[in-house]
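Morning, everyone. Let me put the sequence and the structure up, and then I'll walk you through a few features.

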Amino acid sequence: MAARKDISSQAAAASKDSNTKKSWSPHLDKEKDYEALREIFKHHIDSFDYMVEHGFEKMMLGLKPVECRQANLTYAGKFMVDIKYQYDEGVVIRDRVSLGQFPIMLKSKYCHLKDANTKKLVSLKEEPSEMGG
C-alpha cells in the first residue's frame, strides 16, 4: 500500500510540473528586452496622437462647402505631415509631405458650418435645414 501512495504522490508531482510548464511563457522572460524597441516606436504613436488631437485643425482648406460643390470638389482638408529624420549623428533632414486629403463632415468640429444657425447657413449659401453629415 505504501508503494501505491508513493506512485500517486509522484504522479501528482509530475502533473503539477507539467501544468507549470504549460503556463510558462518564454516571451515574458524577455519583457525587459522589448523596452528599447518600444522606445524606438514611441514617436510613431505620439505623432499619430498629436495628429488626431491637433493636426486636423491645421489641415483645413480655405474653401467653404458651397465653393467645393460649385467646383465639383470634395470638401476636404490637406493631410500634411512634417517629417524630421536623422541618420546616426548626421544632418537633420526636414521635409513636408502631403498624404492626400481628408474629407470633412459638414457641421463637424472642423467644418466652417459648425454651430451655424439658420441665418448663418443662408448667408453661407447653404440650405437653412442643413443637418450636417
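So, what percentage of the 133 residues of the protein count as buried? It's 16%, where buried means under 20% relative accessible area, exposed means over 50%, and partly exposed is in between, with a 1.4 Å probe and protein chains only.

Quick housekeeping. This is a predicted model, so local features need pLDDT of at least 70 and side-chain atom pairs count only at pLDDT 80 or more, while totals for chains, interfaces and linings use all residues. Residues are numbered from 1 along each chain as its sequence is written, and side-chain values use heavy atoms, with hydrogens and water left out.

Okay, the layout. We've got five helices and two strands, and from the N terminus the order is α-α-α-α-β-β-α. Those are DSSP runs numbered from the N terminus: helices are H or I with at least four residues, strands are E with at least two. Among contacts with a separation of 6 or more, 42% are between residues 24 or more positions apart; a contact is heavy atoms within 4.5 Å.

Now the surface. The accessible surface of the protein is about 11100 Å², and 57% of that belongs to carbon and sulfur atoms. Areas are Shrake-Rupley with a 1.4 Å probe, and for residues only the protein chains shown count as cover. Have a look at Ile83, Tyr85, Tyr87 and Ile93: they make a nonpolar patch of about 380 Å². Patch residues have over 30% relative accessible area and no salt bridge; like charges are joined within 9 Å, and nonpolar side chains (Val, Leu, Ile, Met, Phe, Trp, Tyr) within 5 Å. A salt bridge, here, is a side-chain nitrogen of Lys or Arg within 4 Å of a carboxyl oxygen of Asp or Glu. Ile93 sits in strand S2, residues 93–103, and is partly exposed at 34%.

Next, two loop residues. Asn72 isn't a glycine, yet has a positive phi of about 55°. You'll find Asn72 in the loop between helix H4 (65–70) and strand S1 (76–85), exposed at 72%. Asp88 isn't a glycine either, and its phi is positive too, about 50°. Asp88 is in the loop between S1 and S2, and at 74% Asp88 counts as exposed.

Cys68 is buried at 1%, and Cys111 is buried at 6%.
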